Amino acid sequence: MLKRFPEYTTDYIAGIMSLRKPQKESLEILAKIVDSVKPDKQSNKQAALKAVHNSYPTCSDFERDFISLTFALATGVGKTRLMGAFIAYLYTNYGIKNFFVTAPNTTIYSKLKQDLGMPHSEKYVLKGLGCFSSTPVIIADEDYRYKNLELFDSDIRIFIFNIDKFNKERAKMRSLSEYLGTSFFGSLASMNDLVLIMDESHHYRAERGVQSLNELKPILGLELTVTPYTKSGTKQINFKNVVYEYPLSKAIADGYTRTPFAVTRQDIQFFNFGEEEIDKVMLNDGILCHERAKLKLEQYAQNTGKRKVKPFMLIVCKDTAHAEKVQNYLSSDSFKDGAYKGKIITVHSNQRGSESEENMKFLLEVEKYENPIEIVIHVNMLKEGWDVNNLYTIVPLRQAASKILREQMVGRGLRLPYGERTGNKEIDMVMLTAHDKFAELLEEAQKGDSIFKAENIIKAEDITQENLRYTQVSLQFDEDAELEKAYRITGMQKNEAHAALFKDTRTLIQKTVGTYIRRQTGTDIKLSFSSGQKTEITQTIKKELSSDKDLSAIYTENADPLASWISETVSDYCETLSSKYIPIPHITVTDSGLPEYHFADFDLDLEPFNHTVTGEDILIQNLEDQGDRLHIKGSAIDFEAYNPLAEIMNCLCEKSEIDYRRSAALLQKLVIQVCSHYRNKYSENGMRNIAMMNKKDIADKIHSQLMKHFYCEEAFLEEKVSLVQPYNLEQAYNYSTASRFFDSYDKDIQSVVFTGIKKGVFEEAKFDSKPELILARIMEQDQTVQKWLRPAKKEFNLQYNGGKHYEPDFVAETSSCIYLIEVKGEDKQDTPDVIAKKNRAVRYCKTVSEWIAAHKGKPWKHLFIPSMQISPSSSFTRLAKTYTIETESTDIYKPEPGHGTQIAAER
């Protein structure tokens, strides 16, 4: 083994390349096998097979003339990245410099050239590896005809070929090359370190493909595939050289892909329907799912600041005539009022010329947000290698006949658009309409290897039509008064055209001032505008109006009288918008210590503590005759010399998570509870008997309950305010019903968006519970509250309890302070997560208040309100006075006097 790159262990490569668990496990298997068999041109294949089979029994035959190993990994796990890891490991540890990569079709061929050979590509897999002095050279297409391989000056050479081209050009590759002095094929076969990497290797099992690859005489073959088997008629023939298998069901369970959901309709007998009727039901339900996914993705991007993703729907048809009929139906005015005209492409092998080229271009760029295509209609299955991450809905029309076919279809939509699961169910799913196959899917779902689970069923009739609404800053301008003011300042004639100009200009001013505010950063607790900044905004407005195709003519005609009105309106909006927001201080941890672990206070559930008093019989067993056993009466065991509480405590403190000094009070309380339980049931002597005879089991049961109340806090040594966000984040709300803020509603509160809010920063808000809505209404009407905010998910950059993101329910500003507000049900107040969240909020308020005191701002306080204490008659003043958490408060359990004295003395 080379010593040039000693640090390039499997762990190091896995870390640098951010390998997922199955990728790392595959790399480790390769390392063990290569270290064991030392592959080269003279390798004893039989001896190597024996060694591999002993460690990996699924490998019983290499199935080629050289050592060849199959890694069967599910779609979406990252086979190309694993190729890069294989290459890096073999180069750094064994000096192997020549790699021949085969692709089964042009789509995968193009993808491999990009992922292995284009450093500027987002998907380049060798990024971050410092073992290459220059970018590894890719030799593809017909490079071999025109260049001497020795001129490719690089640490390693990666040859990439489409297997069909490789097979077809065997004659040309075997002909003499003036650059090489031999044939290209002969040059490859003579290399002493050629490693063959086969992508989707189930394509290379035909006789011709096998022969071509054997003649290359590689020292090692690495096969990657999703399906480690071939078909011979109806018979499935499994690979015999598999050393690692990671099925799709495991990838889904481990979170490396999206979760597949089956969409169906309940209580419909589809055997009563004709084929066209079933098609239309599935298409309409598919569009319902597609539009829901589109809305959820737009909302997610708005609320998280992540890139926008445009989903599309895939429809699989039985033949070209069927596909044409489906496209005509979806493009017609009768389908969604023609909403999908120009947003559909059909792709099949019968297309020719410009139509085929244009559709293929749309297909290959379907991930781009600006691509208009939302529906792709295809006949049979799309080729392997068509990797997209924005396929959310799959509608197989008369084409989901088998489990394998369904899994292949769903495999197209499993890739994660954001590279990892988001925790948002709708963003992390892919939907397959399976109306007429629902019974089969349910049966599949009961099996361990199915990609569908019984709980992942969506009933189309339960999908409600939702809308999306963006929050708008609540500005209390009187529209009529503002219009009269505009006419007065400009002296312009009153008519509809001028009224529309004033309205559109005010909308443009609000948008421009808002954009300007969102660009501001710093530590000013109050946003203010200089005259120069206002002038800059005014000039921007005038430029926008001059170039607007609808407004430029009327603006140019009235530019002079409009000038002073625009300037004054800009000034009004600057003052009003900046005063409407509640600035949010962001803190930075400048020096952090080790995490601190705590247990929340609780009382034991005593039901599991069911030990009984141990008898005093002595058992005598004949060791030669198992049936010969004698019981004799023994004398009573004396437990008076032992302290049962201290004995149980000693067993508890052997647990690694328990620090007696930090948790002594709670531990004492729990041990006393369990001892009292046994004392009440069996008397003092009985309790002592049970405690001493079962102390380890009792400690285990206490420990089990303790761990359910375990939470973590970062032991911050220092944190400070790093900047003040002078604005509040707009949000996107999905809803099925809109209701005025004080009106009654008859829907699930979480599906309602409430509008017409005046004192809130934004005009709209949604709530998770009725107590939250009642509190918002209280703040809206209470004279002590100046403004209030329902914060966006990313409004605060705070984490708690081991990395969870803190999202408070409200922020409210009064004349004297700003409250960070949390509303919690009484049943959740003592849970570990809520305690950790409360402590983090108190710490944030303390840090901000200390900093803000030097800047003459309002202090921050944490208001933690039990939900049952909120009623329409409550005043905000009373709630704040009663439930504000002072920074000195603590949640550590404090025992009653006398508790634990005996235990402490013993310890």
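1. Thr-227 touches His-202 and Phe-239, leaving out residues up to four places away in sequence; contact here means heavy atoms within 4.5 Å. Thr-227 sits in the loop between strand S6 (220-225) and S7. With a relative accessibility of 15%, Thr-227 counts as buried. The cut-offs are under 20% relative accessible area for buried, over 50% for exposed and partly exposed in between, with a 1.4 Å probe and protein chains only.

2. This is a predicted model, in which local features need pLDDT of at least 70 and side-chain atom pairs count only at pLDDT 80 or more, while totals for chains, interfaces and linings use all residues. Residues are numbered from 1 along each chain as its sequence is written, and side-chain values use heavy atoms, with hydrogens and water left out.

3. The protein chain has 907 residues, of which 51% count as buried. Its secondary structure comes to 28 helices and 31 strands. Helices (H or I, at least four residues) and strands (E, at least two) are DSSP runs, numbered from the N terminus. Among contacts in the protein chain with a separation of 6 or more, 73% are between residues 24 or more positions apart.

4. Two strands count as paired if DSSP finds at least two bridges between them. Lys-231 stands opposite Gln-236 in S8. S7 and S8 form a hairpin with two residues between them, and Gly-233 in the turn has a positive phi of about 70°.

5. Which order do the strands take in the open sheet of seven? The order is S3-S4-S2-S5-S6-S1-S9, and the pairing is parallel. Strand S3 (137-139) and strand S9 (242-246) are at the edges with a single partner strand each, so one side of each has no neighbour in the sheet. Neighbouring strands of this sheet are turned by 20° against each other on average, direction ignored.

6. Within this sheet, strand S2 (residues 98-103) and strand S4 (residues 157-162) pair in the parallel sense over six bridges. The bridge partner of Val-101 in S4 is Ile-160. Helix H5 (residues 106-117) packs on the sheet and touches S2, S3, S4 and strand S5 (194-199); the direction of H5 makes about 165° with that of S4. Axes are lines fitted to C-alpha atoms, for helices over the stretch in contact, and angles run from 0 to 180 degrees between N-to-C directions.

7. Strand S1 (residues 68-73) is mostly covered, with six of its six residues buried. In a regular strand the side chains alternate between the two faces of the sheet. On one side of S1 are Ser-68, Thr-70 and Ala-72, on the other Leu-69, Phe-71 and Leu-73, and all are buried. S1 runs parallel to S6, joined by five bridges, and Ser-68 stands opposite Gly-221 in S6. S1 also runs parallel to S9, joined by four bridges, and here Ala-72 stands opposite Glu-245.

8. An open sheet of five strands has the order S25-S28-S29-S30-S31, with mixed pairing. Its edge strands are strand S25 (785-789) and strand S31 (884-885), each pairing on one side only. Strand S30 (residues 860-866) pairs with S31 in the antiparallel sense over two bridges, and Leu-863 stands opposite Thr-884 in S31. Helix H27 (residues 876-883) lies across S25, strand S28 (810-814), strand S29 (818-824), S30 and S31, running at about 100° to S30.

9. Helix H12 (residues 275-304) and helix H13 (residues 320-331) pack at an angle of about 55°, with their axes 12 Å apart. H12 and H13 are therefore oblique to each other: angles under 35 degrees count as roughly parallel, over 145 as roughly antiparallel, 65 to 115 as roughly perpendicular and the rest as oblique. The contact is made by Glu-276, Asp-279, Lys-280, Leu-283 and Asn-284 of H12 and His-322, Lys-325, Val-326, Tyr-329 and Leu-330 of H13.

10. Leu-606 lies in the loop between strand S18 (584-599) and strand S19 (617-621). Leu-606 is partly exposed, at 28% relative accessible area. Apart from neighbours within four places in sequence, Leu-606 is in contact with Gln-673, Val-674 and His-677.
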